[in-house]
Amino acid sequence: PLLAYTYLTVDRWSVSRVHRPFTETKARLPEKLSHLLATFMSSKSTSMMAVAFAAAAVANSSCPSVLAFSHPPSCRSALAPTGGSAPASRSSSSISISRAHSALLSTSVAATSADDVPSPTKPSDVSDAKDTSISGTNSEGGDRKSRKRQQRKELIRSEGGPLAFDTKYGALNPYAIYYGLTSIALGLVWFVALSMAQLFYFVTRGKLDTKRRLPVFLSHIWGTCLLRLTRNFPRMENRDILLDFYKQNKAAMFVGNHNSWMDIPLIGATIGWRNYKFVAKKELEKVPILGKAIMSAKNVCVDRSNRRSQIQTLKAGMNWLKEGVHLTTFPEGTRSRSGKLMKFQGGAFKMAHKMKAPVVPLSIVASGKIMPAHWLFPLRPGRNICKVVVHDPIESEDKTEEELAQAVREAIISGLPEDQRP
């Protein structure tokens, strides 16, 4: 039946394209194919007959001679063409197909009765079977969800203690609640200060503080106070490398691995009281308070779905480096759920490479342990857990972009513990 359906469908298309006589189409229908279809139509299997009826219905719209098959008269009347043997128009063919398809169910019942095939299952039986199947499926799905919830609950308890609990926004425990309240309280003050800064730029029409140092300063105050009050200020290794580099008055790109939301204040605390801009995804502009900080400081935002935006982002980042402002980015493009360093995204070092600016690799250790991806806020203080390892700046003048990315990657890996290495 499927072979008949395919043959006749292609044949109908060729007739409509080449405008061959309709009688020629009828003559080309293979006799063996007709017998094959007739055999399936007289089959004792209801499913076989249903497939055969569908093929015959389509065949009948372009070749009425298919009704010469040896199937019951009730089927023949249901599949009979609406007009004589003259070729039907495109619209009448569609009507014939629809009429034939609508008659399939009633025809199959009549045909099976004539050929002594057992009667079809009653609608009520079919409905009961479907209800049983659906209820069984829902039960299995509910059990699976229940097991997942229980496993997640046990994981959260093992990470955050017996008082930890889950919400639709993420897991919480007493310390996470304390951190969240502190962050929000400081965030409200931060929001007011940023609003005043935006008003200042509006009044001065942006002619003062063209490098947008003020919003970065306000953001750094918020981040430092939050880290100090929640005992999350990180330990730093080799920070004297940065102090020596700052004496050269050169702009650089700071690059670190990304495991947690905590990476942002941690990397800010490491850079210190300097003017720097984050290269971030545009979606962060929608985050309350943080979005205002990003836009007021004119951080570099990338719209990954817009090619033109990516070009503008590249130009904006290069302009900041040209004016002596540092850039900061996470070349993985997103947080690592496993904690291991992921593959770097293409183009992450293009700004630094084109401006021949040095790249400073930073290895952020264990930030994912104090704030896993499924937690809303950190689950414990990170003062004795997290640290940031500063590596020597890597010059980009004598390297290709790929070589620069590989050198930075190797430097970051060298400062990570074994469980964070790829």
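**Exercise 1.** Decide whether Thr-270 is buried or exposed in this predicted model.

*Solution.* Start with the cut-offs: buried means under 20% relative accessible area, exposed over 50%, and partly exposed in between (1.4 Å probe, protein chains only). Thr-270 has 0% relative accessibility, so this residue counts as buried. (Helices are DSSP runs of H or I with at least four residues, numbered from the N terminus.) Finally, look around it: apart from neighbours within four places in sequence, Thr-270 has contacts (heavy atoms within 4.5 Å) with Met-236, Arg-239, Leu-242, Leu-362, Val-388 and Val-390.

Two notes on the model: residues are numbered from 1 along each chain as its sequence is written, and side-chain values use heavy atoms, without hydrogens and water. Local features need pLDDT of at least 70, side-chain atom pairs count only at pLDDT 80 or more, and totals for chains, interfaces and linings use all residues.

**Exercise 2.** Describe how helices α9 and α10 pack.

*Solution.* Two packed helices are described by the angle between their axes and the distance between the axes. For α9 (residues 174-203) and α10 (residues 213-229), the angle is about 170° and the axes are 10 Å apart. Angles over 145 degrees count as roughly antiparallel, so α9 is roughly antiparallel to α10. Now list the partners: α9 residues including Leu-186 and Trp-190 meet α10 residues including Leu-218 and Trp-222. The residues of this contact divide into 15 nonpolar, four polar and one charged. (Ala, Val, Leu, Ile, Met, Phe, Trp, Tyr, Cys and Pro count as nonpolar, Asp, Glu, Lys and Arg as charged, the others, Gly among them, as polar.)

Note on methods:
Axes are lines fitted to C-alpha atoms, for helices over the stretch in contact, and angles run from 0 to 180 degrees between N-to-C directions. Helices (H or I, at least four residues) and strands (E, at least two) are DSSP runs, numbered from the N terminus. Angles under 35 degrees count as roughly parallel, over 145 as roughly antiparallel, 65 to 115 as roughly perpendicular and the rest as oblique.
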